[in-house]
Amino acid sequence: MADEIATLISSVGLTPEAFIAFCVIAILVVGAVVVIITSRPILDIYPYLNPSARVRARKGRLFTEKQISEIVETNDVGEVENYLKGVPEYADALDDYPLDKALDVQRANTYDFIARVAPKEVKKPFVVMSKKTDINNIKSLLTAKEVGLTAEETKELLVPCGSLYDELESLVDAESVTDIVTSLDSTEYATALEDALPKYEETKMVLSLESALDKFYLSNLLRSSDVPSDENKQIIFSYVGTQVDIDNLKLIIRAKEDGLDYDTIAPYMLEDGYQLREWKLKDLMESPDVTNVISGLDGTKYSEALTDAIPLYNETGSIYVFEKALDVYLVNYAKSLSSKKPLGVGPIIGYLSQKENEIKNLKIISRAKREEGFPNSKIMEMLI
């Protein structure tokens with residue numbers, strides 16, 4: 001047998017030593033391929049291990065349904081605040097700020113935390129989301145100036161977080177809305193605000209400026225999620241796109257409730273949605289009323305959630321039922337995405353969505369507790 005192998009080696013022009021070297025190289029190449037194939041899943045998971053662990057630790061501190069019920073059962077807003085002071089997650093902010101601002105600070109800190117820990121490949125969308133704090137502060141500044149609040153009153157409206165806080169705080173003494181817009185010419189929001197300024201000067205309503213900021217934010221959010229190249233990016237792309245669609249739908253529903261036509265709505269819309277593409281959004285904007293907007297969503301993933309809310313809308317006449325239905329849909333959708341990639345971006349999306357929802361519910365409770373005799377059963381109905 002050995003002689004036959006030696007003869008075969010000689011027939012192909014190789015010495016025994018060269019043949020052995022060839023075999024060693026072949027084994028190394030095959031081994032390298034096997035290592036790459038088997039280690040690829042580990043390499044995909046590795047960037048998410050630390051962020052997932054940190055997020056899960058925070059997720060364990062989210063309020064349970066029982067705790068939310070306990071907060072609802074408090075007698076007034078003072079008791080709500082005292083309850084939250086017993087929770088380390090909120091205690092520090094409540095030591096420095098009144099309840100509503102403390103909740104805004106907690107939300108801003110959550111955005112900042114997620115933007116910092118998210119792996120590089122999916123970081124961009126979370127960085128954009130963290131800029132909500134700056135945008136909300138700009139809106140507060142513009143509104144305060146429009147209604148004539150003092151510098152001290154205006155400062156109280158600003159959330160002391162975000163990359164622009166110091167700059168915005170220095171503008172509380174600005175003479176006018178126009179002065180604020182021109183003072184922000186070095187920021188990323190300059191073009192959006194300056195383009196909307198003529199409309200403001202014509203109407204003297206800051207709505208045009210606020211809408212320009214919303215449109216700028218949603219546009220950046222949609223662009224921040226790359227065309228999906230793997231499952232993690234597909235999940236974040238779906239989550240971001242769904243947020244954009246929901247914000248577009250809320251705008252259309254509010255506009256139709258106010259009887260606005262297509263030409264009035266269109267400038268404020270982000271035409272390039274996710275599932276709701278430009279042609280569908282145009283159809284919805286041309287609908288004669290709210291009910292027709294809902295029926296126009298047949299065949300989309302938003303249809304069932306909104307259709308189920310129509311009887312309550314007919315009963316109450318309030319579009320809040322549709323806005324709540326969309327908020328509930330987004331929370332449930334985020335939960336479904338979080339379970340799709342438990343060793344990837346899933347836990348990050350799940351935690352962020354649940355934390356946003358927790359703070360939103362706490363704001364609903366705190367506002368209701370300021371109204372004497374507001375029934376707890378009604379508060380429970382309002383929660384998302």
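## Threonine 110

Is threonine 110 buried or exposed? At 3% relative accessibility, threonine 110 counts as buried, because the cut-off for buried is under 20% relative accessible area. This holds for a predicted model.

Threonine 110 belongs to helix H6, which covers residues 99-117. Its side chain reaches the backbone oxygen of glutamine 106, at 2.9 Å. What else does threonine 110 touch, leaving aside neighbours within four places in sequence? Threonine 110 is then in contact with Tyr351, Leu352 and Lys355.

## The whole protein

The protein has 384 residues, and buried residues make up 45% of them. Its secondary structure comes to 22 helices and zero strands.

Contacts also reach across the sequence. Take the contacts between residues at least 6 apart in sequence: 65% of these join residues at least 24 apart.

## Aromatic pairs

How many aromatic pairs does a search of the whole structure find? The search finds seven. One of them joins phenylalanine 63 and tyrosine 83. Their ring centres are 6.4 Å apart and their planes stand at 65 degrees, so this pair is edge-to-face. The cut-off for that class is over 60 degrees. Phenylalanine 63 sits in the loop between helix H2 (16-59) and H3, while tyrosine 83 sits in helix H4 (residues 77-85). The pair therefore ties together parts that are 20 residues apart in sequence. Phenylalanine 63 counts as buried, at 12% relative accessibility. Tyrosine 83 is partly exposed, with a relative accessible area of 23%.

Another pair is formed by tyrosine 313 and phenylalanine 322. Here the ring centres are 5.0 Å apart and the planes are at 45 degrees, so the pair is tilted. Tyrosine 313 counts as buried at 14% relative accessibility. Phenylalanine 322 is also buried, with a relative accessible area of 1%. Ring pairs also build a cluster, linking Phe63, Tyr83 and Tyr90.

## The second largest pocket

The second largest pocket has a volume of about 500 Å³. It is lined by 17 residues. Which of these are the closest to the centre of the pocket? They are Glu65, Ile68, Asn357, Asn361 and Ile384.

Three helices each supply at least two residues of this lining: helix H3 (65-72), helix H20 (320-340) and helix H21 (346-369). What does the lining contain by class? It has eight nonpolar, six polar and three charged residues.

## Isoleucine 379

Where is isoleucine 379 found? It lies in helix H22, residues 376-382. Isoleucine 379 has 0% relative accessibility and so counts as buried.

Isoleucine 379 and asparagine 361 are 18 residues apart in sequence. In space they are 9.4 Å apart, C-alpha to C-alpha. Leaving aside its neighbours within four places in sequence, isoleucine 379 is in contact with Val72, Ile365, Ala368, Lys369 and Phe374. Among these partners, Val72 falls within the 65-72 range of helix H3.

Technical notes
Residues are numbered from 1 along each chain as its sequence is written. This is a predicted model: local features need pLDDT of at least 70, side-chain atom pairs count only at pLDDT 80 or more; totals for chains, interfaces and linings use all residues. Side-chain values use heavy atoms; hydrogens and water are left out. On a 1 Å grid over the protein atoms alone, a cavity is a set of points where a 1.4 Å probe fits but cannot get out, and a pocket is an open set with protein on both sides within 12 Å along at least five of seven lines; lining residues have an atom within 4 Å of a point. Grid points are joined across faces, edges and corners, and a volume is the space filled by probe spheres set on the points. Helices (H or I, at least four residues) and strands (E, at least two) are DSSP runs, numbered from the N terminus. Ala, Val, Leu, Ile, Met, Phe, Trp, Tyr, Cys and Pro count as nonpolar, Asp, Glu, Lys and Arg as charged, and the others, Gly among them, as polar. Buried means under 20% relative accessible area, exposed over 50%, partly exposed in between (1.4 Å probe, protein chains only). A polar contact is a pair of N or O atoms within 3.5 Å; within protein, one must be able to donate a hydrogen and the other to accept it, and residues adjacent in sequence count only if both atoms are side-chain atoms. Contact means heavy atoms within 4.5 Å. Rings of Phe, Tyr and Trp (its six-membered ring) pair if their centres lie within 6.5 Å; planes under 30 degrees apart count as stacked, over 60 as edge-to-face and the rest as tilted.
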